[in-house]
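User: Please take me through some of the terms used for this model, and for each one set the value against its definition.

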Amino acid sequence: MMIDMHAHWRPAEIADALRARTREPRILRNQDGVEVLKSPRMGEAPLAEAFDDLDFHLARMDRQGVQTSVLSLLGSFCWIEAQPLDVSGPLCRSVNDGLSAICQKHPGRFAAFAALPLTDMTAAAAELERALGLPGMIGAQIPGNGFLTRNDAEAMRPLLEVANRHRAVLFIHHGPRPGDAFPKVANDTDNARRRNGTLDMQASLSSVMVTLCMSDCLADYPDVTVVVHNLGGNIPYEVERMDHRCLLDTPNEELPSSRFRQAKVYVDCNSFGPHAIEAAVRLYGAEYIVCGTDGTEFGVDWTHKAVTEADIGEEARERILHGNASAMLARVRTAQRQMAAD
């Protein structure tokens, strides 16, 4: 059975907020008078298809052998985190309460990452603290732009401190901080979807991994578990060049490949094929890779096929599909029981 650490969710709790918006994403009535969710990338979707249905998701999990899905906001819904605090605060609380209710209704089938009001880091830390007291909540999803450089990561300290105290998980996903220009490539550029969804995303995640693994930004937070999606960018392929340049330019410095292995930052294998997974196992070790699917039927099928076909051995395969995530979730739940008892 598979544990999916990267399962995005489209919460119906924010439907009224989408109706109140004057720009996309927003809910409006089309020329036939039917309410639709309109967004820049996805076009128009009837409201019956715009949000995730719990029974449908559970049936898909059962059909595809997914034991547990760890839910997080889909990127096109993360706009709620960038609103002024008087808007983002109530919306994030509503989403987090709804995610926790799903976890309570189906014990063991779901866990969730909190949404946070990121325009006010003090409020974001307070909401993470609150959310971690709710059943099923194991941490938070954080935009990758918050860790592009060591200086960027400084602003994330309040969240790292809360997560460290709770031994929680921070899921770092490619995305903007409030106010960041995003996406970087305009829609009228040739191959814009490929440039934004692969080239820029993977390069940005590589920068995130350099910050996390080759700076001291996590040194004060030994009890935080960090997961970066999409194999942590292109590092599994780029590390040989990094080592080469290190030997040429800074020969007395520890090799980047060694630092990535020692950092104990987890990555998920979402959206990659068997050869990339093999390279990631060689770099990080199978014990630091978890399963991720984006929470779609295609994503589950793709990921399961890729892990199955990767030449990594059965022990590594089991770790990636189930064992590593199971141990991660158990650590969080143990910490939550201990904090509740204290």
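Analyst: The axes of helix α10 (residues 256–263) and helix α11 (residues 274–284) come within 8 Å and cross at roughly 85°. Axes here are lines fitted to C-alpha atoms, for helices over the stretch in contact, with angles running from 0 to 180 degrees between N-to-C directions; helices (H or I, at least four residues) and strands (E, at least two) are DSSP runs, numbered from the N terminus. This is a predicted model, in which local features need pLDDT of at least 70 and side-chain atom pairs count only at pLDDT 80 or more, while totals for chains, interfaces and linings use all residues. Residues are numbered from 1 along each chain as its sequence is written, and side-chain values use heavy atoms, with hydrogens and water left out.

User: Why are α10 and α11 called roughly perpendicular?

Analyst: Angles under 35 degrees count as roughly parallel, over 145 as roughly antiparallel, 65 to 115 as roughly perpendicular and the rest as oblique. The crossing of α10 and α11 is at roughly 85°, and the two helices are therefore roughly perpendicular to each other. Their contact, meaning heavy atoms within 4.5 Å, is made by S257, F260 and R261 of α10 with R282, L283 and Y284 of α11.

User: What makes the relation of α3 and α12 parallel or perpendicular?

Analyst: The axes of α3 (residues 54–64) and α12 (residues 297–309) come within 11 Å and cross at roughly 20°, and these helices are therefore roughly parallel to each other. In this contact R60, R63 and Q64 of α3 meet E297, V300 and D301 of α12. By class, the contact residues of α3 with α12 are 1 nonpolar, 1 polar and 4 charged, where Ala, Val, Leu, Ile, Met, Phe, Trp, Tyr, Cys and Pro count as nonpolar, Asp, Glu, Lys and Arg as charged, and the others, Gly among them, as polar.

User: What makes a space a cavity and not a pocket, and how many cavities of 30 Å³ or more are there?

Analyst: On a 1 Å grid over the protein atoms alone, a cavity is a set of points where a 1.4 Å probe fits but cannot get out, whereas a pocket is an open set with protein on both sides within 12 Å along at least five of seven lines; lining residues have an atom within 4 Å of a point. Grid points are joined across faces, edges and corners, and a volume is the space filled by probe spheres set on the points. The count comes to 1 cavity of 30 Å³ or more, and the largest cavity has a volume of about 50 Å³. The largest share of its lining, 4 residues, comes from α3, and the lining divides into 4 nonpolar, 6 polar and 2 charged residues.

User: Which residues lie nearest the centre of the second largest pocket?

Analyst: Y221, P222, V224, A263 and K264 lie nearest the centre, among the 19 residues that line the second largest pocket. About 440 Å³ of space lies in this pocket, and its lining has 12 nonpolar, 2 polar and 5 charged residues.
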